[in-house]
Amino acid sequence: MEEKRLVLGVIGSDCHAVGNKILDYALSEAGFKVENIGVLSPQEDFINAAVETNADVIVVSSLYGHGEMDCRGMREKCDESGLKDIILYVGGNIVVGKQNWPEVEKRFKDMGFNRVFPPGTSVETTIKCLKEDLYSKEELKLKEELELKQN
Ligand code: B12
């Protein structure tokens, strides 16, 4: 089955590195090809990496509270770079403090993010959503059967 490619990184001036390392490890173990651009990454680095690796998804982390400012305009930049259908995920602690989640989610969806994840989203949930978005039901069934055979 075709290997799906992800670009992973922490956006803006954000140096929180632990979640990034965990996601890199867990998503790679789950069978995705991960291009990890690490912390302190501007939008352009995500986009250049996605173009270079022909990525299916860009997974943006933001922990320090400035996610909204850092993520604004990213969908438009993707479109300009020819990444029209790329799936955009964002998660971590994407806004300052505890705000009304449905409102936060709507603001990021309005910016063009396909999925917006609340603080503390588990790697299991992240992997489940990626599989749902990247594989058809038939492909998932086949993948599960193959994994069962291998174990
Ligand atoms: C360690 C830490 C630091 C360290 C970071 C060291 C390093 N290089 O990694 C230091 C001390 C440097 C630091 C600095 C700051 N920090 Co700090 N830090 C933390 C702390 C205690 C833990 C973060 C962590 O490692 N968590 C463990 C990992 C495994 O969890 P995670 O990062 O959340 O990632 C998981 C999930 O969120 C999810 N996930 C992450 N990204 C994504 C993306 C997607 C798409 C999906 C699906 C899931 C997902 O998967 C990950 C793996 O399970 C948190 C509080 C906390 N308990 O979370 C504050 C916290 C993140 N920091 C905070 C702040 C404010 C700062 C500073 C701005 C403080 C300051 N005034 O200087 C600076 C920012 C510096 C900078 N430029 O980035 C705030 C952010 C508040 C907000 N968003 O409203 C927090 C929440 C503390 C708080 N309660 O106030 N910090």
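This is a predicted model: local features need pLDDT of at least 70, side-chain atom pairs count only at pLDDT 80 or more; totals for chains, interfaces and linings use all residues.
The ligand is surrounded by 26 residues. The closest are Ser13, Cys15, His16, Ser61 and Gly97. By class, 14 residues of this shell are nonpolar, 11 are polar and one is charged. Three elements each supply at least two residues of the shell: helix 1 (18-29), strand 3 (57-62) and strand 4 (87-92).

The ligand contains a cobalt atom, and His16 is its only protein donor. The donor atom is NE2 of His16, at 2.2 Å from the cobalt. His16 sits in the loop between strand 1 (5-11) and helix 1.

A backbone N or O atom of Cys15 lies 2.7 Å from a ligand oxygen. For Gly97, a polar backbone atom is 2.7 Å from an oxygen atom of the ligand. Asp14 uses its side chain instead: a polar atom there lies 3.4 Å from a ligand oxygen.

The largest nonpolar core has 23 residues. Within this core, Ile58, Val60, Phe108 and Phe113 touch the most other members. Strand 1, helix 2 (43-53), strand 3, helix 4 (74-80), strand 4 and helix 5 (101-110) each supply at least two of its residues. Helix 2 gives the largest share, four residues. Phe113 is in contact with Val60, Cys71, Met74, Leu88, Tyr89, Val90 and Phe108, leaving aside its neighbours within four places in sequence. Another core, of 17 residues, lies apart from the largest one. Its members include Leu8, Leu23, Ile87 and Leu130. In soluble globular proteins, nonpolar side chains tend to be buried together.

Notes
Residues are numbered from 1 along each chain as its sequence is written. Side-chain values use heavy atoms; hydrogens and water are left out. A residue is near a molecule or strand if one of its heavy atoms lies within 4 Å of it. A polar contact is a pair of N or O atoms within 3.5 Å; within protein, one must be able to donate a hydrogen and the other to accept it, and residues adjacent in sequence count only if both atoms are side-chain atoms. Ala, Val, Leu, Ile, Met, Phe, Trp, Tyr, Cys and Pro count as nonpolar, Asp, Glu, Lys and Arg as charged, and the others, Gly among them, as polar. Donors are N, O and S atoms within 2.8 Å of the metal (3.2 Å for Na, K and Ca); water is not among the atoms, so sites may look incomplete. A nonpolar core is a set of buried Ala, Val, Leu, Ile, Met, Phe, Trp, Tyr and Cys residues joined through side-chain atoms within 4.5 Å. Buried means under 20% relative accessible area, exposed over 50%, partly exposed in between (1.4 Å probe, protein chains only). Contact means heavy atoms within 4.5 Å.
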